[in-house]
Amino acid sequence: MATMNTIFLVLIFIAFITKEALATQHVVGGSQGWDESTDFNSWTSGQTFKVGDQLVFKYTTGLHSVVELASESAYKNCDLGTALDSKSSGSDVVKLNKAGTRYFACGTLGHCSQGMKVKIKTVTGSAPSSPASSSSSPTASDASASRSFATFVMVVAFLATFLLCVF
């Protein structure tokens, strides 16, 4: 009986790992990154953001930052006073943990009003996220490899559990 409990716990652990492996990392702005020359509306139009995915903001430290805004009104008016969070590492990761719309802008004076802001609509679903293309999402092939590996791990875990129960 202890062996069955151990196997069950291992399967739960593998399920959590697999869920993380299936998440897609979206490099905000694609190959241009988080920069004032990027057309973020065009970039988001080719993306599907799902619960569990991650946004990666890549930029020059000290030149830009990432501020999460509280509302669409704050987003439209570049009201940085309503910030929910602020990041400035140059390689910031934001996990999309629930469905809905989130708003991000650069905290550097004047950058938001020049268009350095992005609205992310996150949806629920089990289908893989879809980056626009490999050129706009350098991690697209990595995500595909992660999904293949995660599937392999799940199959091996299932077979191992089955064999342990049978024998």
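Buried means under 20% relative accessible area, exposed means over 50%, and partly exposed lies in between, using a 1.4 Å probe and protein chains only. The model is predicted, so to speak of local features takes a pLDDT of at least 70 and side-chain atom pairs count only at pLDDT 80 or more, while totals for chains, interfaces and linings use all residues. Residues are numbered from 1 along each chain as its sequence is written, and side-chain values use heavy atoms, with hydrogens and water left out.

**Asp-53 and its polar contact**

- Asp-53 sits in the loop between strand 2 (49–50) and strand 3 (54–58); helices (H or I, at least four residues) and strands (E, at least two) are DSSP runs, numbered from the N terminus.
- A polar atom of the Asp-53 side chain lies 3.0 Å from the backbone nitrogen of Thr-24.

**Salt bridges**

- There are four salt bridges in the structure, each being a side-chain nitrogen of Lys or Arg within 4 Å of a carboxyl oxygen of Asp or Glu.
- One of them pairs Arg-102 with Glu-68, with 2.7 Å between the closest N and O atoms.
- This pair links distant parts of the chain, since Arg-102 belongs to strand 7 (residues 100–105) and Glu-68 to strand 4 (residues 66–69), 34 residues apart.
- Arg-102 and Glu-68 are both buried.
- Another salt bridge joins the side chains of Glu-72 and Lys-119, at 3.1 Å from N to O.
- Here too distant parts of the chain are linked: Glu-72 is in helix 3 (residues 72–77) and Lys-119 in strand 8 (residues 117–123), 47 residues apart.
- Glu-72 is partly exposed because its relative accessible area is 30%, and Lys-119 counts as partly exposed at 25%.
- Asp-85 and Lys-87 also meet through their side chains in a salt bridge, again with an N to O distance of 3.1 Å.
- With a relative accessible area of 35%, Asp-85 is partly exposed, and Lys-87 counts as partly exposed at 25%.
- Glu-72, Lys-76 and Lys-119 form one network, joined by salt bridges that share partners.

- Thr-38 is found in the loop between strand 1 (25–27) and helix 2 (40–45).
- Its relative accessible area is 6%, so Thr-38 is buried.
- Leaving aside residues up to four places away in sequence, Thr-38 touches Gly-29, Gln-32 and Gly-33, where contact means heavy atoms within 4.5 Å.

Conventions:
A polar contact is a pair of N or O atoms within 3.5 Å; within protein, one must be able to donate a hydrogen and the other to accept it, and residues adjacent in sequence count only if both atoms are side-chain atoms.
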